[in-house]
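Subject: Structure handover

Hi,

Here is the model we spoke about. Please load it and read the notes below alongside it.

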Amino acid sequence: MTARIIDGKQVAAQMRLELKEQVDRLKEKGIVPGLGVVLVGEDPASKSYVTAKERACEEIGIYSDDNHLHAQTSQKDLLGLIARMNSDPNIHGILVQLPLPRSLDESQVLLAIDPAKDVDGFHPINVGKMVTGQEAFLPCTPHGVVQLLVRSEVRLEGAHVVIVGRSNIVGKPLANMLIQKNKTGNATVTVCHTKTRDMALHTRQADILIAAAGSPHAITADMVKPSAVVIDVGVNRVADPSKKTGYRLVGDVDFEAVKEKASLITPVPGGVGPMTITMLLYNTIQAALRHRVNAVT
Ligand SMILES: NC(=O)c1ccc[n+]([C@@H]2O[C@H](COP(=O)([O-])OP(=O)(O)OC[C@H]3O[C@@H](n4cnc5c(N)ncnc54)[C@H](OP(=O)(O)O)[C@@H]3O)[C@@H](O)[C@H]2O)c1
């Protein structure tokens with residue numbers, strides 16, 4: 001059996017069309033969703049992520065307030081900028097691109113963001129709301145994974161999902177979302193990590209296997225149950241002299257071998273990646289909608 005490929009670019013493009021329609025409707029009511037973007041320093045990967053986010057905002061009509069600060073920016077100045085954006089009614093969401101330079105206290109910065117504008121969903125208030133099943137901004141990458149599954153008509157209710165990885169930005173929130181008692185949850189979830197004994201024993205039981213380890217070829221075909229759904233969150237650079245850049249991007253899954261065993265699989269690139277920015281746009285629009293409701297009530 002050769003797996004059907006889940007085309008993340010196509011799903012993301014469809015969602016962005018839907019989001020643009022929502023933005024157009026908000027604009028008719030005089031509301032322009034706004035995203036405050038903060039980039040500190042010159043890290044090339046962070047710069048390219050931020051550029052992609054700003055471009056995506058522009059494409060669907062979200063206003064982005066771009067703040068590119070030099071690497072020596074002080075904690076006080078950064079907190080001052082966040083305070084300004086917290087009180088700016090034209091900014092509904094705030095995104096601080098991580099990682100920050102070592103001289104800055106990342107957790108203090110994330111805590112300073114108004115939870116009502118925390119469109120990355122990293123503030124402990126939003127994390128707590130998510131875990132307890134309340135309305136919250138959901139972190140973009142795990143939310144993108146859930147949307148990919150739902151829009152590919154994968155049944156989550158009752159499914160055994162095995163997640164490889166327990167980071168605060170992917171594995172842990174994803175596990176929490178999938179066990180919620182709601183229509184995009186109700187799965188039974190196992191979470192594996194580097195201290196898991198006999199990982200293949202667990203992964204072979206997965207109806208849905210999600211790799212978020214950051215380790216190329218961590219998932220090989222012998223670790224996958226026949227007809228499983230396989231979602232690869234990993235993005236890893238491996239040396240490739242045939243490329244101009246000298247490297248190529250691969251996921252955590254041995255794609256060529258696993259696609260012969262799985263029923264559905266995401267590629268890297270072109271799987272989960274395009275969904276992450278899409279969910280940031282989604283959260284920013286949600287923030288603008290909630291701001292409007294709060295302004296009216
Ligand atoms: N496509 C996107 O938009 C997107 C967004 C975010 C991240 N990513 C990618 O997703 C991957 C994970 O990101 P992250 O931020 O969650 O990474 P991370 O913070 O490094 O966490 C990796 C997790 O995987 C576990 N792990 C690593 N190697 C393993 C192995 N061989 N077997 C079992 N568990 C293993 C680690 O276990 P321990 O906790 O025991 O160390 C850790 O919990 C990375 O490749 C990243 O680039 C992609």
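Which residue is the bridge partner of Val-229 in strand 11? It is Leu-264. Keep in mind that this is a predicted model.

**Sheets**

Strand 8 (residues 229-232) and strand 11 (residues 264-265) run parallel and are joined by 2 bridges. Both belong to an open sheet of 6 strands, ordered 1-11-8-7-5-6. The pairing in that sheet is parallel. Strand 1 (4-5) and strand 6 are the edge strands, each pairing on one side only.

Strand 2 (residues 34-40) pairs with strand 3 (residues 63-69), also in the parallel sense, over 7 bridges. Opposite Gly-36 stands Asp-65 of strand 3. All 7 of the 7 residues of strand 2 are buried, so the strand is largely enclosed by the rest of the structure. Gly-34, Gly-36, Val-38 and Val-40 point one way. Leu-35, Val-37 and Leu-39 point the other way.

**Cores**

The largest nonpolar core holds 53 residues. Leu-149, Leu-178, Ile-208 and Ile-210 have the most contacts inside it. Helix 10 (residues 273-296) gives the most to this core, with 8 residues. Why does the core lie between two domains? Domain 1 (30-114) and domain 2 (140-273) both give residues to it, so it lies between them.

Leaving out residues up to four places away in sequence, Ile-208 touches Leu-149, Val-154, Arg-155, Leu-156, Ala-159, His-160, Val-161, Val-162 and Val-229.

**Helix 7**

Helix 7 (residues 171-179) is mostly covered, with 7 of its 9 residues buried. Those are Gly-171, Pro-173, Leu-174, Ala-175, Asn-176, Met-177 and Leu-178. They pack against two helices, helix 5 (124-131) and helix 6 (140-151). They also pack against strand 5 (160-164), strand 6 (188-192) and strand 7 (208-211).

**Rings and charges**

How many aromatic pairs does a search of the whole structure find? The count is 0. The charged end of Arg-237 sits over the ring of Tyr-247, 4.1 Å from its centre. Likewise, the charged end of Arg-290 sits over the ring of Phe-137, at 4.4 Å from the ring centre.

Best regards

Definitions and conventions
Residues numbered from 1 in each chain as written. Predicted model: local features only at pLDDT ≥ 70, side-chain atom pairs only at ≥ 80, totals over all residues. Heavy atoms only, no water. Phe/Tyr/Trp six-rings, centres within 6.5 Å; stacked < 30°, edge-to-face > 60°. Lys NZ or Arg CZ within 6 Å of the ring centre and 35° of its normal. Core = buried A, V, L, I, M, F, W, Y, C linked by side-chain atoms within 4.5 Å. Buried < 20%, exposed > 50% of the residue type's maximum accessible area, 1.4 Å probe, protein only. Helix = DSSP H or I, 4+ residues; strand = E, 2+ residues; numbered from the N terminus. Domains from an automatic or database assignment. Contact = heavy atoms within 4.5 Å. Pairing = 2+ DSSP bridges.
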